[in-house]
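Morning, everyone. I've got one structure to walk you through today, so let me put it up on the screen.

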Amino acid sequence: VLLKPGESSAAAGITNEADSSAIATLRAEYSPRLKGPYGIKTQYSLYLNERSTLHTHDVQSHTVAFIPSYNFRQSSISLLATYNYTLVHDEEYLQAVAVTPTYTFTLNGNQYAQAFYRYTKKDYLNAPINQDEDRNADDNGLGASWFYLIMENRGFVNFRYEYNREDTEGVNWKYSGNKAGLSFLYPVADRLKFNVAGEAYVQDYENVHTSFGIKRKDETYTGSALFSYNFFDEIDVQVQYAYIKGRSNIVVYDYSKNVLSAGVEMRF
């Protein structure tokens, strides 16, 4: 939870403290039936993360989404518009508005791809310690994703790539990023699925850091494995392990993190 740098002398007072937490999520969707090729979906999502000890890091996040779409014979286009409001320790933390037009098209019977553009406006609701650390930002991103369906469309291989540029008000947080990921979903049995995923994210910061005197560069590597067992038609039990390694030329931002989680998901 508290990410102590790999170089322990880099930041005194950071304890590398772990914790357990209870997480609750809720998602509700409404999709009216429209005639012709048009579609529309509205969505509300709730995320709650309450920690056992470190309540200063409790999270409450609300997201509403509006998604109109148009279907062609072999493709579709959609526009995802979202608003997010996040609280940390019951205090307002972040609000963000995003729009993401996406084009999805079929390559052949078991392959399809997506291309998208995303714009996000981020507004951090607490004053930064100084103007150089102000993370309010306009974030622009471009990306593509490819799916190869297997096992009669019950599993898939997915590769995705995204480039983004986050233009923050504070000079220490402006960066350009390249993110690539590969995931694999395999149906082990009728009710058991296995999902493994890996991702690499490289961020090049544009300005010399006002405190450390160098241009920051981060590399974040994430790996995860998930087992999901379907007990009933509407209930899944899931167990997941994730490992995150952050490398940086500024040792304060160098860390590793392990997360083990288990949960139940119900759909109705």
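I'll talk about one lysine, then a pocket, then the aromatic rings.

Before anything else, keep in mind that this is a predicted model.

Okay, lysine 174. Where does lysine 174 sit? You'll find lysine 174 in the loop that runs between strand E8, residues 155-168, and strand E9, residues 175-187. And is lysine 174 buried or exposed? Lysine 174 comes out at 18% relative accessibility, and since the cut-off for buried is under 20%, lysine 174 counts as buried.

So what does lysine 174 touch? If we skip the neighbours within four places in sequence, lysine 174 is in contact with Glu166, Asp167 and Thr168, and also with Asp204, Tyr205, Glu206 and Asn207. Look at aspartate 167 in particular: its side chain makes a polar contact of 2.5 Å with the side chain of lysine 174.

I'm showing you the second largest pocket, with about 470 Å³ of space in it. There are 19 residues lining this pocket, and the ones closest to its centre are Pro128, Ile129, Glu133, Arg135 and Trp173. What's the lining made of, by class? We get nine nonpolar residues, seven polar and three charged in the second largest pocket.

Trp173 belongs to an aromatic cluster along with Tyr175, Tyr205 and Tyr253. Tyr205, you'll remember, is also one of the contacts of lysine 174.

Now for the ring pairs. Searching the whole structure turns up 13 aromatic pairs. Take tyrosine 38 and tyrosine 70: the ring centres are 5.1 Å apart and the planes sit at 70°, so we call this pair edge-to-face. Tyrosine 38 is in strand E2, residues 38-51, while tyrosine 70 is in strand E3, residues 59-71, so the pair ties together parts 32 residues apart in sequence. As for accessibility, tyrosine 38 is exposed, with a relative accessible area of 51%, whereas tyrosine 70 is partly exposed, at 28%.

Then there's phenylalanine 184 with tyrosine 186, and that aromatic pair is stacked, with 6.0 Å from centre to centre and 25° between the planes. Both of those residues are partly exposed: phenylalanine 184 has a relative accessible area of 30%, and tyrosine 186 has 32%.

Conventions:
Residues numbered from 1 in each chain as written. Predicted model: local features only at pLDDT ≥ 70, side-chain atom pairs only at ≥ 80, totals over all residues. Heavy atoms only, no water. Helix = DSSP H or I, 4+ residues; strand = E, 2+ residues; numbered from the N terminus. Buried < 20%, exposed > 50% of the residue type's maximum accessible area, 1.4 Å probe, protein only. Polar contact = N/O pair within 3.5 Å; in protein donor to acceptor, adjacent residues only side chain to side chain. Contact = heavy atoms within 4.5 Å. 1 Å grid on protein atoms, 1.4 Å probe; cavity = no way out; pocket = protein on both sides within 12 Å on 5 of 7 lines; lining within 4 Å. Points joined across faces, edges and corners; volume = space filled by probe spheres on them. Nonpolar A, V, L, I, M, F, W, Y, C, P; charged D, E, K, R; others polar. Phe/Tyr/Trp six-rings, centres within 6.5 Å; stacked < 30°, edge-to-face > 60°.
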